[in-house]
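Hi everyone, thanks for making time this morning. I'd like to walk you through one model, so please have a look at it while I talk.

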Amino acid sequence: QNIRSPTLSLQIINQIYFKRFGTMKAFFALPLFFLATTANILNLPPDMDFSVNPVLNSFLHDLHDTPFWRELAAATNNSAPCTSPSYSWTYSEAAAMGFDIYNFFVDYRVIDMPFIYKMLIDKNEDGEYFGADGSHTEEMLRRQNMTETFWDAANAQDSISTDQVVLLGAHGDILKDYNKIVPTVMLLYPLLNAVQVDNFVSYIQYILENRSDGYDNPLLTANALAFRGGDAFGTGQIFPKVIVIGDGIIERMVKFGLGDSGPDFIHAHEFAHQLQFELGVFDDGALPSPEDTRNKELMADAFSAYFLAHDEGANMTAHEILELHATAFSIGDCSFDSDGHHGTPAQRRCASMWGASQALVTGGQKIIWGGRKLQNLNLIDPIMLRELFESNLDNILSLDSKVCPVVRDDVEFSCGANQTLIVINIQLDQHAVETSWALKGETYKTLESKEYSAADSFQPVTELVCIYPDDVYVFDIFDFYGDGIIGGYFKIFNGTNTQGANALLVEGDGGFGRGTSVTFSLSKVIDLVNNTSDANSTITQNTTNTT
């Protein structure tokens, strides 16, 4: 879609800008049409031509073809076919801003402007920072260097080039700086004259400066993407390979309690897209379709998780890997018929789990897999990792437990003498606060229990518990509202044999009303309803169900 006769050349934008406006913005009076109430301030004069520069059409499509941006669009009209934690957060933030104002920022591409400026005009990583307050800068820069080094070492077949990827941050205060926003508006809307550009910029700034969160509102920069660079617009101007991460997407991860690992996953995911560019994944000639987009996004999830979990990569602990899975879950979507479908929340989580499990096979110095420590083998070449992913894709899409393994860290969690680990997996619904569980011994004394908060809504949670292998236990799970876990489930695994034939000890769906009980042990599962026992079998939900 490269347009070779652009309305406004990217190469001369700075010359035009400095000729029109100079290097400093002079004081100007607020135009009369701005002096209105918030209710009617969103009406611009009809003589302003907001035709988008056609040379940017493909770029803007890519900018909007991210799970973050699509979630923003769905949240503003409450149209998501399924929900996730980040969707709920986005909806509440848009409601707080006011849907009329937010839709204005979307319609007039104000939320695109920080990204357009950083990627097409500035392109400079000197002095770059990440997070509105810069608190994530050191970590992001360290991750960038670490990621380049890791994939360069894995590049046995010399199939990729990992250097020269520029890491940039998109910041809301770009909209505050006249010398940044004006050339951005000129590039985006070339048919506006100088006075109209000046008025439109003043209009944007007037709205933001009359809001308490102003330029720091996370919705202004809640996106992240990779740009392959090169002669992307067919103008002869060469752009660098870029990863840009908005302050808003970092803040969103922090709000979810994923501030430690969430931004790292997003960075690694976008770097994985740069690898896909190098591997020709996007040059396969495939027509846009939900399935094609989903498969490529899930591959990027898997590549990023492989790096983050590997002991020669980010070397994440088990707790951080579980956070990584939660991040992948939080950015999924269920727009199955959309060409921009990036995978359901569960599929994205499974893809990241599969990628992490490959790191355990080829790394494994720190992570325990199936109860045993594996030797450190060679890194997987990106070409081979792609082939492995494609061969496992059907299992990832079907959420096969064989490719969505349980991961734990032997250093951070260990059981006492003569005890054995069990792993409790629960998929919570939108009312996590209603769910609780308890594990009891034969005397019905509670040994472990857990309640969940609203922050856990929609999350897949993993709990690690130590038990004695020869004892009998009762697992009770409750929902105080009485509708169970809508669309959810619970499973209990033998933590030292997560992939073996007898790994799954207990399995039940969320349709248990107010609660259900399961009696089990590692050596046998006991069905209290039918008063039977079966050694080394799995009990499903034919158990006591309280309604």
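Let me start with a definition: I call it a salt bridge when a side-chain nitrogen of Lys or Arg is within 4 Å of a carboxyl oxygen of Asp or Glu. By that criterion, the structure holds 14 salt bridges.

A word on where this comes from. This is a predicted model, so to speak: local features need pLDDT of at least 70, side-chain atom pairs count only at pLDDT 80 or more, and totals for chains, interfaces and linings use all residues. Residues are numbered from 1 along each chain as its sequence is written, and side-chain values use heavy atoms, with hydrogens and water left out.

Now to the charged pairs. As background, side chains of opposite charge can pair when their charged atoms come close. Take R142 and E139, whose side chains form a salt bridge at 3.1 Å, N to O. Where do R142 and E139 sit relative to one another? They are three residues apart in helix α7 (residues 137-154), so about one helical turn separates them. Helices here are DSSP runs of H or I with at least four residues, strands are runs of E with at least two, and both are numbered from the N terminus.

For accessibility, buried means under 20% relative accessible area, exposed means over 50%, and partly exposed is in between, with a 1.4 Å probe and protein chains only. R142 is partly exposed at 40%, and E139 is partly exposed as well, at 26%.

Next, R211 and D213 form a salt bridge, with the closest N and O atoms 3.9 Å apart. R211 is partly exposed at 22% relative accessibility, and D213 is partly exposed at 28%.

Then there is R348 with D301, a salt bridge at 2.8 Å, N to O. R348 lies in helix α14 (residues 345-362) and D301 in helix α12 (residues 290-309), so this pair ties together parts that are 47 residues apart in sequence. Are R348 and D301 buried or exposed? Both are buried.

Let's move to a sheet. Three strands make an open sheet in the order β1-β3-β2, with mixed pairing. Its edge strands are β1 (165-170) and β2 (224-227), each pairing on one side only. Two strands count as paired if DSSP finds at least two bridges between them. β1 and β3 (residues 241-246) run parallel and are joined by six bridges, and V165 stands opposite K241 in β3. Helix α10 (residues 247-255) lies across β1, β2 and β3, at about 50° to β3. For that angle, axes are lines fitted to C-alpha atoms, for helices over the stretch in contact, and angles run from 0 to 180 degrees between N-to-C directions. Contact means heavy atoms within 4.5 Å.

S521 is in the loop between β14 (515-520) and β15 (524-527). How accessible is S521, buried or exposed? S521 is buried, with a relative accessible area of 1%. Leaving aside neighbours within four places in sequence, S521 is in contact with D471, V472 and L505.

That's my tour, and I'm happy to go back to any of it.
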